[in-house]
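Subject: Structure handover

Hello,

Here is the structure for your files. My notes follow below it.

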Amino acid sequence: MTRLEAEPVPRDLVDIGPIESFPVGRLITIEFAGRTIGVIRTGTGIHAIGNRCPHQGGPICRGIVTGTMAPSLPNEYVYEKDGEIIRCPWHGYEFELSTGQSVGGAVRGRVAIYTVEARAGRVYFALRRVPADSA
Amino acid sequence: MIVDYDRHVAVDDYARLFEHMSQSWRKHFERDEFVGSVRDGAAHIRLTDRFGDEVLEGSEPGQEIGLSVAVPHQGLTINGWADQVAAKAFIGALNSHSEHVWADGGARRAAILVTPHDPAWSARVIRDYGAARQFAAVALPLSAVLLGSEQFDPVYEAAVETDLPLIVHFSGVEGHYLGAPPLSGGVHRTAYARAVLMPQLAESHIASLCFGGTLAKYPPLRVLFSGFGFAWLPSLAWRLDREWRTFRHDVPWVRKPPSEYVFDQVWLSSWPVREAAAEWEPLLAGSQAQARVVYGSHAPFDGDTVADVRAVLGADADDVLGRSGVLPAVMAGARA
């Protein structure tokens, strides 16, 4: 999630590097307070996800970033959301990078989404979960 | 009301069908290898239950049956006929016989026979008979093409348009006649081995209806798999959902877990009810799968009576015997 740069930086945000360190479409993992966090810039903003698939705990940050197929008529494929989806390396379950929600409601639960911001050329992170209704 | 969705009917002499054929077709069929095939009964899965063993024409549903759906099983065997032109003349005659003899439009109704080898023709037959009160369902034999193939869309559209459920019942020639679907693993030597394995077909075609998108495409479509048993449904539903979760992007037309389509649009008949072994198997008990089972006597072929169902299922028997989802309009009296 991206904030206006004029807003003050919340006190729990930590500078994790220049924005150039986070190329669009490439998930970068960081270690923070003993946890692995995946940070990625996409066409819709910058996102930070936990490294645990809600299905069986797979290391989802090692999954591929991709798009997905939209609901369609039989035998038709409509590819969408390119770069906005991460697919778990264990069982292939797909999740929205912006919300952590399972694509198509395939799995109960969601990938943890953390607070991350880009401002003044820097990326700031907080180990603070973003509620589902505001992710 | 007790509904028997699987009451078998048959002619004891194929010559009885001649009055429902043109003179030309009658002359074509007037040969011993056709007329005599009832006597020989060689095509049926239970070789000891020859078609002619008893006069099925007189096989009436018991008095406790409020509504029965006759399945003319001789017509199902056309899935293995080499001559599909003659097959259509044959099941056309059987449909006419159903209309005039086996069904009365009240407590005794019949399934319209169609062929999987000519969906366009089958759709016309469904529409021709769809409004006739003698018919309450469509009997679609299985071919080697899975039901989730869009080539069957004309049949599904006609069934939805006429508000008739599909009844899928094996003919007995599956697994050894070309044109009928094979059974997995290979060709078994005996009819009883094939009979044991018939549930494979229902599982396979239900998976196809789900992943092919048929059930999603036609939400009003209702499909009853009859004679295949039912105890396998919970594990099938679980496996369908598991694979869908992983490969949803390969079947984006399946918009929710496949089991939800099954538990909304698919039913299984209860025969053989002893598959439930004196009570519902643990996986079935209280499950959504249990609620998909409707009564099918399979009579007179070693069938289950109402008493058999009550003996096995106890207090749950009434739910199975009177479940209305397959024929809601008929049971509500809206399809007089």
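Which order do the strands of the open sheet of six strands in chain A have? The order is β1-β9-β8-β4-β3-β2 (chain A), and the pairing is antiparallel. β1 (14-18) and β2 (28-32) of chain A stand at the edges with a single partner strand each, so one side of each has no neighbour in the sheet. From one strand to the next, the twist averages 30°. Strands pair if DSSP finds at least two bridges between them. Strands (E, at least two residues) and helices (H or I, at least four) are DSSP runs, numbered from the N terminus.

Conventions: this is a predicted model, in which local features need pLDDT of at least 70, side-chain atom pairs count only at pLDDT 80 or more, and totals for chains, interfaces and linings use all residues. Residues are numbered from 1 along each chain as its sequence is written, while chains are lettered from A and ligands numbered from 1 in the order in which they are written.

Back to the sheet. β2(A) and β3 (residues 35-42) of chain A run antiparallel and are joined by five bridges. There, A:Ile30 stands opposite A:Ile37 in β3(A).

Now chain B. Its secondary structure comes to 14 helices and eight strands. The C-alpha trace spans about 55 × 45 × 45 Å along its principal axes. Of the 336 residues of chain B, 49% count as buried (20 or more other C-beta atoms within 10 Å of the residue's own, with C-beta atoms placed from the backbone). Contacts in chain B with a separation of 6 or more come to 80% from residues 24 or more positions apart. A contact means C-beta atoms, placed from the backbone, within 7 Å.

One helix pair in chain B: the axes of α5 (residues 119-129) and α6 (residues 153-162) come within 8 Å and cross at roughly 10°. That makes α5(B) roughly parallel to α6(B) (angles under 35 degrees). Axes are lines fitted to C-alpha atoms, for helices over the stretch in contact, and angles run from 0 to 180 degrees between N-to-C directions. Among the residues making the contact are B:Ala123 and B:Ile126 of α5(B) and B:Val155 and B:Ala159 of α6(B).

Last, the interface. The contact takes 13 residues from chain B and 17 residues from chain A. Helix α10 (residues 233-247) of chain B gives the largest share of chain B's side, four residues.

Best wishes

Conventions. A residue is buried if 20 or more other C-beta atoms lie within 10 Å of its own, exposed if 12 or fewer, and partly exposed in between; C-beta atoms are placed from the backbone. Two residues are in contact if their C-beta atoms, placed from the backbone, lie within 7 Å. Angles under 35 degrees count as roughly parallel, over 145 as roughly antiparallel, 65 to 115 as roughly perpendicular and the rest as oblique.
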